[in-house]
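Please look over the structure shown here before reading on. The paragraphs that follow go from the parts of one chain to the meeting of two chains.

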Amino acid sequence: MTRAAPTTLRPTTPAEVRDAVLDVPGRLAISGAGTARHWAGRPDAVDATLDLSALSGVITHNPGDMTVSVHAGTPLADLQAELAGHGQRLALDAARAGRGATVGGLVATADAGPSALIYGGMRDLVIGTTSVLADGTMVRSGGHVIKNVAGYDMAKLLHGSYGTFGPLVEVVLRLHPVAKATACVAVDGPVDDAAERVLALMASPLEPIAVEWLSGDPGRLLVRLEGGTSTLPARVRRLVELLGDGAREVGPDAWDEHAALTTGEPGRAAGVGGAAGAAGRDAVVRIGCAPRSLAPLLGRLPATAVTAGLATGVATVTVHDASVTDVHDAVAAAGGTSVLRDRPADLDAPAWGAAPSALPLLTAIKNQLDPEARFAPGRFAPWM
Amino acid sequence: MPLAAPIRDEFVALLGERDVLSDPVRTRTYECDGLTGSRVVPELVLLPRTADDVAGCVRVCARHRIPFVARGAGTGLSGGALPVADGVVIGLNRLNRVLEVDPENRRAVLEPGVTNLEITAAAAPHGLYYAPDPSSQQVCTIGGNVAENSGGAHCLKYGFTTNHVLSLEVVLPDGSVVTLGSDSAEQSGPDLRGVFLGSEGTLGIVTKITVRLLRTPEVMRTLLADFPSVAAGGQVVSDIVAAGIVPAAVEMMDALAIEAAEGATGAGYSLDTPAALVVELDGTVEECEEQFAQVKEICDRHGCTRLHVAGSPEERANIWRGRKAAFAAVGRISPDYIVQDGVVPRTRLSEVLERIEAMGTEAGLRVANVFHAGDGNLHPLVLFSAADGETERAERLSAGIAELCVEMGGSLSGEHGIGTDKACSMPAMFGVDDLAVMDRVRAGFDPDHICNPGKLLPTPRLCGEKPGRYRPHPLEEAGLIERL
Ligand SMILES: Cc1cc2nc3c(=O)[nH]c(=O)nc-3n(C[C@H](O)[C@H](O)[C@H](O)COP(=O)(O)OP(=O)(O)OC[C@H]3O[C@@H](n4cnc5c(N)ncnc54)[C@H](O)[C@@H]3O)c2cc1C
């Protein structure tokens, strides 16, 4: 069945989501706040879009247990504001949260920020999910306790799924206390120099929360520490000493630059090779590899801007749109993974790097859960 | 129906006569795991030495639709490695090499038969360690840890096996070999690595594991504190958490568990206290010292009757020895016992313990409690005497406790898994639809239902049957490993 114009449905309850899936025949796109609309494979034409942004709000927050369940369309920033009143937070600092990204969207896109170094990503923070399958089945897995090995961990299947198995409607999260004090130390230098400093840092007992190198002239390494109000200054001193010449404490707004770089706005930063990005024809690629392979790999990429987790191996690079294939190839050669994020709407570049060996398995699971391929068609093109 | 001789020949052609066991005297060694009440002697036991041979064995199984069960050290407590009738067991112990320790990337690459403790031993010269630390760590394998998503006393702060595995090489039930996960947390698509973690050997056999290693903390501070009641101890845990402190470990024992553990180890626990807490903090000198002072203050505030701070690594080891011996030591105060593994939201600890006590009284049985108080993972030990005909009552009480945990918003299992032991309780925690979808995911991996069938999800056949009573694991009896 085809329709002249795709419909947009805005369910406000999990039951309405299920009804929408059952009532609307054909293929469905799923969106939250729409902040990752242009990430991964471009969605094929669909019969309707399920907009989950109205399925929002905290369902239960158990401060004593440090868990919260939320509707999937809840903006993370709103959730953080609510949790902060209890001295708690979701320990996820994906820059996209600042643009309104929803909890469900962050899970589905496997997004994470620099503090994944210590706290992990959504795959480590989600303890339960409810989602709706193509046949209208509401499926729940996990629960409300942090420690739980009963049954398959379906939340993991939804992590990075880009909606291909169906919409998440409820997410249960484990929380962390808000740090009493946070500090940031910066030291300027090119990426290779930063990588050597990070090697020493990670061998030290200083327990950095986030370690990110930002491109520029000559580039800058940012290191975040968390701790107690009275104890942190001593650790900051140790960190400054360890990082050596030029290291100094900077304000928290140093991270704004990182956030800008994740969205492909390199205008604020000079490129790695000194080249400035041509606005409007840039593409952003998210890459991952072994941490020590990252700096050399970045040196081989035609990037105009970079923010790189030198201790996690995860980086977000901006390139001219014609270079996307080259990035996929270079990352694959380094044994890494890559996926296209923000790019010009009309860009015809491959979204994913080489297909993983588990592709037949992924396809088999897709056939089990969504045999008519109703959900999010195109997101894993050309693989699936 | 026994396996036909030509099939045995196919395995022999692959592995050689020596590594295909069919003599019942030898295959009987594999008849159970740590859930010793359930036993099935396997038709054949295959002992491959390489990942290629594992794949070869699985391909033969796939071709003839022969069910297979992967086995590590056999310390599992839920019957996950219980052989299936007319099937083969594939033992992974001979794939036991540490393939690589990479200190700069802080990771290690392992074959599945490497024991948990060997990982840390290999990492230690670089100032690194592998965080998840099940009490069985001297013998249990990383392959088994992956399959069970095993935890340990220190997983409150550091997480479970799933949080420490980067990638897996897996032989799927059709014999094909895939990599799940990657060299970083970025992956190409859904987290199939995470789906495999904790799948209890039902989705394939893992033949290579890449784990993250952590830097050894600068300092560790451990205390043992006595309290006038379990409730007071529970309140201390709540206040520690409310103060924004995430301890490395918080463990609680009640009087019965202390009596057993102290009798077995002489580790220095007080015999006259209703409850004792072990709290451990680690991290940088600055943070650790400040938080340790706060923890001591919280203990005092809740009527702590004795506070012993480990003054040396030996004293710390001693405190842990007492705690970890508690399971096996219960054998000193009761002829038989069943260990339970439910989880409740931490704030409901006192309530659940009261209910468990009442249930025990009603059943006329004693229950000793040892638990990971920080994350609400209980290990109630139901004490009974089989000789006095108490077995069935004890089993009913134990299953009732697990289902009570679910009723209180928790889980059937925090770390020991579902296996055959709790498969029939799964409907207490999940709806029919939830279980059906899990089965569909399983079919995506294993369309022919040959990979550890009858485990994890309830089947009419299994749930009609009655498992036997718990007996101590042979390695436990030999004093080689200890329970929690
Ligand atoms: C005394 C004692 C104390 C314990 N303490 C703890 C504890 O503190 N925390 C905890 O979490 N657990 C604990 N356990 C339980 C047990 O040790 C763990 O579940 C452990 O991970 C099992 O490892 P194993 O090598 O013995 O696996 P096995 O018992 O051999 O197998 C367990 C499951 O894993 C599967 N499996 C094994 N190897 C593979 C492979 N290579 N690929 C795919 N599947 C595989 C099997 O099919 C089975 O389903 C304890 C057990 C005992 C006896």
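The domain bounds used in this text come from an automatic or database domain assignment. For chain A that assignment gives domain 1 (1–178 + 354–384) and domain 2 (180–352). The model is predicted, and local features need pLDDT of at least 70, side-chain atom pairs count only at pLDDT 80 or more, and totals for chains, interfaces and linings use all residues. Residues are numbered from 1 along each chain as its sequence is written, chains are lettered from A and ligands numbered from 1 in the order in which they are written, and side-chain values use heavy atoms, with hydrogens and water left out.

How confident is the predictor in chain A? The pLDDT, which is the predictor's confidence in each residue on a scale from 0 to 100, averages 93 over chain A, and 94% of the residues score at least 70. Residues 266–278 of chain A, however, have a pLDDT below 50, and this stretch has 27 contacts in the model beyond near neighbours in sequence, where contact means heavy atoms within 4.5 Å. Where pLDDT is low, the predicted coordinates should not be read in detail.

Within chain A, the centres of domain 1 and domain 2, taken over C-alpha atoms, are separated by 26 Å, and the contact between them takes 24 residues from domain 1 of chain A and 28 residues from domain 2 of chain A. The size of an interface is often given as the accessible area lost when the parts come together. Here the buried area (the accessible area, with a 1.4 Å probe, that two parts lose on being put together, summed over both) is about 2100 Å², and carbon and sulfur atoms give 53% of it. On the side of domain 1 of chain A, the three residues A:Arg42, A:Pro114 and A:Leu117 supply 29% of the area buried against domain 2 of chain A, more than any other three residues.

Side chains of opposite charge can pair when their charged atoms come close. Between domain 1 and domain 2 of chain A there are four salt bridges, a salt bridge being a side-chain nitrogen of Lys or Arg within 4 Å of a carboxyl oxygen of Asp or Glu. A:Glu226 forms a salt bridge with A:Arg89, with the closest N and O atoms 3.0 Å apart. Another salt bridge in chain A joins the side chains of A:Asp111 and A:Arg286 (4.0 Å, N to O). Because A:Asp111 lies in the loop between helix H3 (103–108) and H4 of chain A, while A:Arg286 lies in strand S15 (residues 282–288) of chain A, this pair ties together parts that are 175 residues apart in sequence. Helices (H or I, at least four residues) and strands (E, at least two) are DSSP runs, numbered from the N terminus.

Chain B is divided into domain 1 (5–91), domain 2 (98–215) and domain 3 (219–329). The C-alpha centres of domain 1 and domain 2 of chain B lie 23 Å apart, and 13 residues of domain 1 of chain B are in contact with 14 residues of domain 2 of chain B. These two domains of chain B bury about 1100 Å² between them, with 69% of it on carbon and sulfur atoms. The count of salt bridges between domain 1 and domain 2 of chain B is zero.

The two chains also meet each other. Which residues supply the most area on the side of chain B? Chain B and chain A bury about 6300 Å² between them, 56% of it on carbon and sulfur atoms, and B:Glu186, B:Ser188 and B:Arg440 supply 11% of the area that chain B buries against chain A, more than any other three residues. In terms of contact, 79 residues of chain B meet 77 residues of chain A.

Eight salt bridges are counted between chain B and chain A, and B:Arg440 takes part in a salt bridge with A:Asp135, in which N and O are 3.3 Å apart. Among the elements of chain B that each supply at least two residues of the side touching chain A are strand S9 (177–181), helix H10 (285–301) and helix H15 (432–445), and H15(B) gives the most, with 10 residues. Over all chains, the structure holds 42 salt bridges.
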